[in-house]
Amino acid sequence: MGKIAILAEKPSQARAYADAFKVKQKGKTYIELEPCPTFPDGAIITWAVGHLVELKEPKEYKKEWEKWSLTSLPIMVDKYEDKVASKMYTQFNAVKKVFNDPQITMIYNGCDAEREGSNIFYSIYKMTKVKKPVRRLWVNSLEVDEIRKGFNRMESNDRDLLMYQEAKTRQISDWLVGMNCSRLYTLLLQKKGFKGSISIGRVQSPTVYLIYKRLQEIENFKPENFYEIEGLFQAQNGLYKGRAKIKTKVRAEAEQLLAHHGISPVDTGRITSVTNKTKRIQPPKLHALSTLQATANKRWKYSPAHVLKLTQSLYEKKLVSYPRTDSQLITHNEYEYLNDALPKFQQLINQSFTPISRANNRRFVDSSNVGEHYAIIPTKKVPTEKALQSMPQDERNIYFEVLNTTVAMFHKDYEYDEKTILTNIKNLEFKSVGKTELVKGWKELFANDKNLQEREETLPIVAQGETVQSKIAIIEGTTTPPKPYTEGQLITMMKTCGKSVENEEEIEILKSVEGIGTEATRSGIIETIKKHEFIEVRKNIVYITPKGELLCRAIEGTLLSSPSMTAKWEIYLKKIGRGEGSAKHFIDNIGKFINQLILEVPDQLSELSIDAEKFAKPAAKNIALCPACKIGKISLRRNFYGCSDYKNGCKQTFPERILGKKLTEKNIKDLSSVGKTAEIKGFKSKNGKQFSAALRLVEGKIEFEFNAKK
């Protein structure tokens, strides 16, 4: 058989693979495994560090493409080529050496089991120019048992190659749109007085446009008054309220209705109907990445990117299954191990209840509809109390959200009694609806979640035919504008192309809409549009910036602003991944689209007016005399503090952030003037633990100084 080379996507993944077998030796860039039944002649695990390989830049095809110019557009080539990313040569050469080792007879793709993992693997594989057979590892968990099973049932690379085609097509199309449209719009807007550059993206631009559209709706919203008729009824056993079936913008219509029935402000009525209906609500569906991101944002205001990072960390700790999934279903295999582990899970959350079986409930368990990955669920590994305590609080929150949602699947339905009273006053019917909780069920597991607390309208015990005394009034209300998006709602907005999805039924109806981006990329897109300063997030509310508004006004009416078109592109990319679509066809269409923009956009932008003052950068604020050259002044640049005399060779800089803590102007002033700050709280180590330390400037570099007493 020969020795096997295994490429992991990152070092932590490589270590997890090695944990499942006996290690022979470890190097800086590889881990060698002892021969075993799975690898009779041994194996060598090496790793990427994300994208070791990337697409070449335009200037690497043609020198004239280095300078931004309208006359150089479109930027298109017959063959799109890769290169080793800068500063990644050491690891790339290490992988290349392993792949080309004569003892290696086969290579296993152990990168993440999704299209980008396939892209990372094959981009590296092709750059090494090695010609050896490839097989695909497909696991949903980094647990030892799952890894061993995965390596013992390696798949052919047929599907892997299709996923690579899909991912590479996506990468090239994004490159084409970014390189051509960013230059096109930037240069045309600069002619009109805009200072700076505009980044255009196949996915990011329609995302910004959807946010802009919502904020425009809010800005242009005109509140309107409406009128309803409400009754306050005194029954033998208590008071209750009811409303007539009318909602009108004209108060006179409500007055006419009361006059038509001859109803006085104080009148007598009769209860004509009392119905009780027991209703049940099943436990929530298991989490996909997007639902976990939306839930965590609603509960703790975590950004989608932060939720992905936390869930990825839990995955690497072997506590949850693969995070980048769009499925909310599991197979019967996962159900069985969860059922077996349930007593341990119940003990962990301190919730004892008699479980019910949902093995055949297709809301949760449906092997035929689980895609590439099943829902995010806890693994068989149950963390100890010590392990839980060592977790950062936000990571612990995510773990228990996944755990509680999974355990809820085994709990009883939430049950409540819905009572409806119909009260008749001179042939005008008033309806009253109230709820009484009967069985808490799965909601016991979410007692601290305010979003799940039911507001109960309790009604008194009444009898059909009972006479009630009534106070009737016309009440006035005002329509309210749509609410701006929270950062968590952006994920759902992207998934549904901006359509409203406030309840589960609507989500089911919109299943066929692929949305903008994918489950794995949406949080990254949000981070990108924040980084490009198109949006800003304040207290979890998303706002459009002047730059974002300019982008949206510029692309309005083009396909770059069309979320539905972007969704259609995503649908076709998935067809390529299934072997049903052509990469050449897709890229050719992107090329036609770009050529059309180059022809049409100059005329479209000719009418666009720009307030150049909005985009003028404020002068840098001088904070302190430079401690290095004693001539220049230290001020905040784009994302660091630097010396104003840099043109004359002064290289003194200070980072804006250190280990997750943003440095204040006073911190920089203290470092520059006295060489030391006071103790600063809130630094975060690599393992997520917070600590405090003073900062000291030593030969132009910052060092930590710890309190010896502490």
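I looked up Ser-12 to begin with: its relative accessibility is 16%, so Ser-12 counts as buried (under 20% relative accessible area; exposed is over 50%, partly exposed in between, with a 1.4 Å probe and protein chains only). Ser-12 sits in helix H1, residues 11-19 (helices are DSSP runs of H or I with at least four residues, strands are runs of E with at least two, numbered from the N terminus). Its side chain makes a polar contact of 3.2 Å with the side chain of Glu-316 (a pair of N or O atoms within 3.5 Å; within protein, one must be able to donate a hydrogen and the other to accept it, and residues adjacent in sequence count only if both atoms are side-chain atoms).

Note on the source. This is a predicted model, where local features need pLDDT of at least 70 and side-chain atom pairs count only at pLDDT 80 or more, while totals for chains, interfaces and linings use all residues. Residues are numbered from 1 along each chain as its sequence is written, and side-chain values use heavy atoms, with hydrogens and water left out.

Next, the backbone. Most residues other than glycine have a negative phi, and most peptide bonds are trans. I found the bond from Leu-73 to Pro-74 to be cis, with omega near 5°. Pro-74 is in the loop between strand E5 (53-55) and strand E6 (82-84). Glu-533, not a glycine, has a positive phi of about 65°. I placed Glu-533 in the loop between helix H15 (522-531) and strand E16 (535-538). Lys-539 also has a positive phi, near 50°, and lies in the loop between E16 and strand E17 (541-544). Lys-539 is exposed at 84% relative accessibility, whereas Glu-533 is partly exposed at 44%.

Then I turned to salt bridges (a side-chain nitrogen of Lys or Arg within 4 Å of a carboxyl oxygen of Asp or Glu). The count comes to 44.

I checked Lys-149 and Glu-146, whose closest N and O atoms are 3.6 Å apart. Both lie in helix H4 (residues 144-152), three residues apart, about one turn of the helix. Glu-146 is buried at 15%; Lys-149 is partly exposed at 40%.

Glu-415 and Arg-280 form a salt bridge at 3.2 Å. This pair links distant parts of the chain, strand E13 (residues 414-425) and strand E12 (residues 266-281), 135 residues apart. I noted Glu-415 as buried at 17% and Arg-280 as exposed at 54%.

Glu-536 and Arg-538 meet at 2.3 Å, N to O. One network of salt bridges with shared partners joins Arg-115, Glu-116, Glu-166, Arg-170, Asp-174, Arg-202 and Glu-570.
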